[in-house]
Amino acid sequence: MKIQNPQTNIPQTPDMNDRDFINDTLATEKYMTDAYSTALNEASHQALYQDISAMAKETQDCQRNLYNVMFQKGWYSFDQAQPQALQQAYQKFSGYKQQLPNGGTIQ
């Protein structure tokens with residue numbers, strides 16, 4: 001079952017429309033979020049880390065806002081997760097947790 005709002009109509013022309021522009025920007029924001037994550041992992045100076053962290057948060061917030069616009073306009077949908085699939089994923093990752101030191105608990 002798809003989870004989606006009613007789709008906002010857009011002109012069907014060869015020109016880029018609002019959905020195309022937002023979708024392109026969302027893809028760019030996703031790429032930038034991934035790049036900032038790598039930069040944060042490799043930052044060698046605390047002030048640099050703080051600057052990158054602030055930019056990463058702004059980018060993540062922008063990405064979320066674009067997703068919300070696309071979802072509200074019915075241009076972004078996803079499949080509803082089935083309870084059995086959720087339970088299987090939970091069991092799978094619970095098994096991974098047991099492989100961590102101290103069973104994944106923080107002391």
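Rings of Phe, Tyr and Trp (its six-membered ring) are taken to pair if their centres lie within 6.5 Å, with planes under 30 degrees apart counted as stacked, over 60 as edge-to-face and the rest as tilted. The structure holds three aromatic pairs by this criterion. The model is a predicted one, in which local features need pLDDT of at least 70 and side-chain atom pairs count only at pLDDT 80 or more, whereas totals for chains, interfaces and linings use all residues. Residues are numbered from 1 along each chain as its sequence is written, and side-chain values use heavy atoms, with hydrogens and water left out.

Y67 and F71 form a stacked aromatic pair, with 6.0 Å centre to centre and 20° between the planes. Because Y67 and F71 are four residues apart in helix α2, about one helical turn separates them. A stacked pair is also formed by F71 and F78, whose ring centres are 5.7 Å apart and whose planes lie at 20°. Ring pairs link Y67, F71, Y76 and F78 into a cluster. Y67 is buried, with a relative accessible area of 17%, while F78 is partly exposed, with a value of 33%.

Helix α2 (residues 46-72) has 27 residues and reaches 39 Å from its first C-alpha to its last, close to the 39 Å expected at 1.5 Å a residue. The expected span of a helix is 1.5 Å times one less than its number of residues. G74, whose phi is positive, near 80°, follows α2.

The buried residues of α2 are I52, A56, T59, Q63, L66, Y67, M70 and F71. These residues pack against β1, α1 and β2 (78-79), where contact means heavy atoms within 4.5 Å. In α1, the residues I22, L26, E29, T33, Y36 and L40 are buried, and what covers them includes α2. L66 touches I22, T25, L26 and E29, not counting residues up to four places away in sequence.

A nonpolar core is defined as a set of buried Ala, Val, Leu, Ile, Met, Phe, Trp, Tyr and Cys residues joined through side-chain atoms within 4.5 Å. The largest nonpolar core has six residues, namely I10, I22, L26, L66, M70 and W75. Helices α1 and α2 each supply at least two residues of this core. In soluble globular proteins, nonpolar side chains tend to be buried together.

N17 lies in the loop between β1 (2-3) and α1 (18-42). N17 is buried, with a relative accessible area of 9%, and touches I10 and P11 when residues up to four places away in sequence are not counted. At the start of α1, a side-chain oxygen of N17 reaches to within 3.0 Å of the backbone nitrogen of R19.

A salt bridge is a side-chain nitrogen of Lys or Arg within 4 Å of a carboxyl oxygen of Asp or Glu. Two salt bridges are found in a search of the whole structure. The side chains of D79 and K2 meet in a salt bridge of 3.4 Å, N to O. This pair links distant parts of the chain, with D79 in strand β2 and K2 in strand β1, 77 residues apart. D79 is exposed, with a relative accessible area of 53%. A salt bridge is also formed by D61 and K57, the closest N and O atoms being 2.9 Å apart. Because D61 and K57 are four residues apart in helix α2, about one helical turn separates them. D61 counts as partly exposed at 35% relative accessibility, whereas K57 is exposed, with a relative accessible area of 52%.

Q84 is placed in helix α3 (residues 83-98). Q84 is exposed, with a relative accessible area of 58%. Q84 and F21 are 63 residues apart in sequence and 37 Å apart in space, C-alpha to C-alpha.

Methods. Buried < 20%, exposed > 50% of the residue type's maximum accessible area, 1.4 Å probe, protein only. Polar contact = N/O pair within 3.5 Å; in protein donor to acceptor, adjacent residues only side chain to side chain.
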